[in-house]
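Please open the model in your viewer and keep the selection panel at hand. The stops below go from a sheet to the helices on it, and then to some aromatic side chains.

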Amino acid sequence: MKLTGGKGSQLTKFDRYSLVSLTLAIVGSLISWLSPNSMFSLLQDLGFILMVPVVAVYTVRLCKWLKAKIFFTVRNKILISYIFIGGVPLGLLMIAFFIAILLIFKQISGVFLQNELDDINGTLENINTHIILSDPGKGPVSGEFPDTFFTEIQAALNQAPSNLQGFRTRVFYNPAPDQGTKFLMAAELSKDSILNTEKISAPEWLSSDFSGFLAENGTLYLTVISRASDNLILVTQIPVNEKIIMQIENNTYFDVEMVPVNEEGFAEDFEYIYQRLSEQSSLFSVLGVHFIRPIEWSSGAPISARPILISVPVRILFIQLFSQSSRIILILLYVLGGIYLLTVLASIIAGAKITRGITRSINEIYIASEQVQKGEFDFRIQSENHDQLEIMADSFNELSTGIKHLMGEVAKRERLEKEIEIAREVQIQLLPQDIPQSDYLKLAASCLPAQRVGGDYYDFIRNADSLDLVIGDIAGKGISAALLMASTMATIHHTLNEKNYSDQVERMISVAEEVNSQVFLRSAANAYSTLVIASYNENKGTLTYCNAGHQPPIMISNGIASELNIGGTAIGLFPQWQFTADTINLKPGDTIVFFTDGVVEAANQDDEFYGNDQLLQLVMDNIDLDPESLRSKIIESVMEWAGDEPQGDDITLICLKVQ
């Protein structure tokens, strides 16, 4: 019904259609009852036809109403679930029991049949195994097999059970399988004679082992194909005919019928055989269908599944399955069924009793969730059930308080994240944006912080005829290390530009001592830095350096490795320290790798460090690479060593090669 404002009720088109169809159905039913032979009784059929969409629409509407009204509350859902749990299974249990017994008996009959087929298949495999152990001579290559080999084949066929007839074995050979040539048949043999020696090409699919059913020229064979070697394939078969079926019937006491393998008349044969077995079977027999899926000999492609029909007296299945223990098993089934029935009834009674207590607490939680959704975080649930639902209510109350607190924490964290991101961008800008290059020197450098901000640093300062380079590692990680790193870089940069000695050794020593004093005065007591300061003179081809407690750089010259370890202790540990420096001559091809301890102390899942020895060996093995490729190779090797382990320290590299 559709209401219109101020004008009462108004029927919709579908409502009018429903009334018309219902009226026709009622009037037609009355006419058909009063005058069955009247032509107007057709109104009954017309009304029922027109009622089909009406019933469908109102069924959908009813389902929606049930969902909205009945299934909305948790209480109704729990009650209905108990009805399904305790009532419906009782009705379905007996049906399922009889269906299960029927299906089990059908499956068992198929298992017994399959066992018989597997026994025959095992005989075929034993024949092939016997033949494989025989000596084929040069036959697999030349095609000329010795007579003794064929004699062994016939001996193997004659070892098969005498009640099985029709065994045959075909021998295929291939002189050059690697060249794509086909297998050729050397001979086809039975128990008594050689049936065929024509050189017939084997199907293209015949290249590997196979065991199963195979259709050839309208006949179904149980077949075992064995590839004895790259050049030799054995195909042993037995036709699935009336003799095989009779043997299976004698062993199992089943009635067995097989539909012919050819496609013609398949449906008619199946229906005829099934009807005949049904008529011959007793009342207490189980009719089963066991499907097999043969392949076609010429193509190797599967063909339509073939059914084997089985009629088995229940008495025979019952005797084979249960034997003397049948009465005990039946009693046990009755006892288990009774226990199950009592358990279901007890569950229904107990469920009805506790449902009300459950739904009351859930309803209170529902009301509280609506209040929290409106922003009323001070709303609290009052519960006195002293059970898990009370714990849920208390957890909800704590959650409301936690949400209110968390909202403030989230705002603080967002501000901190923005500040850290700004610090990261500033730190990136402090590192060299362009790596200086010249005709005398090629450089590559990178810094991978363990956190978003780190304490490693490197720098390059171009002078008139020289290039200063610095690499350092601040103790620790994170924001504190990043701040000290920025301060130290500024001090180094200022001191290098200020100290303008003609003697580079004195200049390096003076810079190290000045930086040491400044870091000691301006940093915390436990803050310090290791660094290497170096200056390369392009005119003289010399490198003057001072190593202040840093990982010694690796230098490779003429295939000989050495370390740049002259200098002193770490920067900032003592107010004054007397540093030393050294000058080395560099030749074209010489390579120096500066690195921080994040490289050699990278740990794998077994807590094993990457180590200086592994780094040295990697540099020696890749000495011919350009600096950028060498840097990438080292980073790749370190990351591969660490695997999924988190990066424990900043990783900084400078690779230098003299041109």
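Which residue in β23 is the bridge partner of Cys 447? Select Thr 652, which is that partner, and bear in mind throughout that this is a predicted model. Widening the selection to β13 and to β23 (residues 651-658) shows the two strands pairing in the antiparallel sense over eight bridges.

Next, display the open sheet, whose five strands follow the order β13-β23-β22-β18-β19 with antiparallel pairing. At its edges stand β13 (441-448) and β19 (560-563), and because each has a single partner strand, one side of each is left without a neighbour in the sheet. From one strand to the next, the twist averages 15 degrees.

Tyr 610 lies in the loop between α14 and α15 and Trp 641 in helix α16, so the pair ties together parts that are 31 residues apart in sequence. Tyr 610 counts as buried at 3% relative accessibility, whereas Trp 641, with a relative accessible area of 24%, is partly exposed.

For the last stop, select Phe 145, Phe 149, Phe 150 and Tyr 173, which form one aromatic cluster; within this selection, Phe 145 is buried at 8% relative accessibility and Tyr 173 is buried at 6%.

Note on methods
Residues are numbered from 1 along each chain as its sequence is written. This is a predicted model: local features need pLDDT of at least 70, side-chain atom pairs count only at pLDDT 80 or more; totals for chains, interfaces and linings use all residues. Side-chain values use heavy atoms; hydrogens and water are left out. Two strands pair if DSSP finds at least two bridges between them. Helices (H or I, at least four residues) and strands (E, at least two) are DSSP runs, numbered from the N terminus. Axes are lines fitted to C-alpha atoms, for helices over the stretch in contact, and angles run from 0 to 180 degrees between N-to-C directions. Buried means under 20% relative accessible area, exposed over 50%, partly exposed in between (1.4 Å probe, protein chains only). Rings of Phe, Tyr and Trp (its six-membered ring) pair if their centres lie within 6.5 Å; planes under 30 degrees apart count as stacked, over 60 as edge-to-face and the rest as tilted.
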